[in-house]
Amino acid sequence: MEQLSNTQQEVVNDFVSVALTKSLSTMFRMLNIRLRKEYARFGVGLIRPIAEFESLGRFKVHIIKVQVNGDLGGSLYFVINAYEVNIINKECLPEDVTSTLNHANKEMKNDFILEIENIIAASSVTDIAEFLGVEILGGVPEVQILKGNEVNSYLREECLNYKSGFHMESVLLGPDLNISPYVIWMFDQRFVTKLKENVVEPG
């Protein structure tokens, strides 16, 4: 797998930081949920296992996936455990929705979490398209619930399915809420190819 040069890494690092900041600002304006980026890591090839997921054991984790199609193939993911989902719902939804257990309220709570990823993904897709000069579209968010210790295997399979050329993982922190969900990007080799075409090396 061809590695990124120092210049390419610097460009990607700056881009990822700006893109995440913009998407989180959009989410705050639309949903009044304040999150900030704690860190972001990226690389080529397969994503490394994330120890925090293994430590959750059999605890439920929600993975919201938005598939990307067009000039690039890949997906964007919002990964959040069930406890954090409940925190967000209690903070942001009316009490009669969060305190009453019926099908309609359950759907409303699920839809709210889907909307978070929808906002993050839509903003990120737009920024990635402009950054690389490509045409891509994000699909409809899909959610599945796994055990925490199954998440790394799932992400590895996703990497293999996309023949992942580039990945990014970022932990988000809620200064007002005790949550730390993950945002993850995976793209095929065309992401790296376009990046190399667009970045001018010094000298």
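I took contact to mean heavy atoms within 4.5 Å of each other. The model I looked at is predicted, so I kept to pLDDT of at least 70 for local features and 80 or more for side-chain atom pairs, while totals for chains, interfaces and linings use all residues. Residues are numbered from 1 along each chain as its sequence is written, and side-chain values use heavy atoms, with hydrogens and water left out.

**Entry 1**

With neighbours within four places in sequence set aside, N81 is in contact with L56, F59, K60, V61 and H62. Its relative accessibility is 13%, so I count N81 as buried, where buried means under 20% relative accessible area, exposed over 50% and partly exposed in between, for a 1.4 Å probe and protein chains only.

I then looked up what the side chain of N81 does, and found that it caps the N-terminal end of α3, with a side-chain oxygen 3.0 Å from the backbone nitrogen of Y83. I list this as a polar contact, that is, a pair of N or O atoms within 3.5 Å; within protein, one must be able to donate a hydrogen and the other to accept it, and residues adjacent in sequence count only if both atoms are side-chain atoms.

In helix α3 (residues 82-92) I noted A82, E84, V85, I87, I88 and N89 as buried. The buried residues of α3 pack against β2 (60-70), β3, α4 (95-99) and α5.

**Entry 2: G74**

I stayed in strand β3 and turned to G74, which is buried at a relative accessible area of 0%. Not counting residues up to four places away in sequence, G74 touches V66, Q67, V68, Y162, M186 and F187. I also took the C-alpha separation of G74 and N13, which is 19 Å for 61 residues along the chain.

**Entry 3: helix α5**

S124 is buried, with 1% relative accessible area, and its side chain reaches the backbone oxygen of I120 at 2.9 Å. Beyond its neighbours within four places in sequence, I find S124 in contact with S23, L76 and W185.

I128 also lies in α5 and is buried, at 0% relative accessible area. Residues up to four places away in sequence aside, I128 touches F15, L72, V134, I136, W185, F187 and F191. For I128 and E107, 21 residues apart in sequence, I read 31 Å from C-alpha to C-alpha.

**Entry 4: aromatic rings**

I counted 7 aromatic pairs in the structure, where rings of Phe, Tyr and Trp (its six-membered ring) pair if their centres lie within 6.5 Å, and planes under 30 degrees apart count as stacked, over 60 as edge-to-face and the rest as tilted. One of them joins F15 and W185, a tilted pair at 6.1 Å centre to centre with 55° between the planes. This pair links distant parts of the chain, since F15 belongs to helix α1 (residues 6-31) and W185 to strand β7 (residues 182-187), 170 residues apart. Both partners are buried, F15 at 10% relative accessibility and W185 at 0%.

I also noted that F42, F166, F187 and F191 form one aromatic cluster. R34 lies over the face of F28, 4.2 Å from the ring centre; for a charge over a ring I required NZ of Lys or CZ of Arg within 6 Å of the ring centre and within 35 degrees of the ring normal.

**Entry 5: the chain as a whole**

I ended with the overall layout, in which the chain has 7 helices and 7 strands, running α-β-α-β-β-α-α-α-β-β-α-β-β-α from the N terminus on. The radius of gyration is 17 Å, close to the 17 Å of the globule rule for 203 residues, so the chain is as compact as a globular protein of that length; the radius is taken over C-alpha atoms, and the rule is 2.2 Å times the number of residues to the power 0.38.

The C-alpha atoms fill a box of roughly 65 × 35 × 30 Å along the principal axes. Buried residues make up 50% of the 203 residues. Among contacts between residues at least 6 apart in sequence, 75% join residues at least 24 apart.

Key. Helix = DSSP H or I, 4+ residues; strand = E, 2+ residues; numbered from the N terminus.
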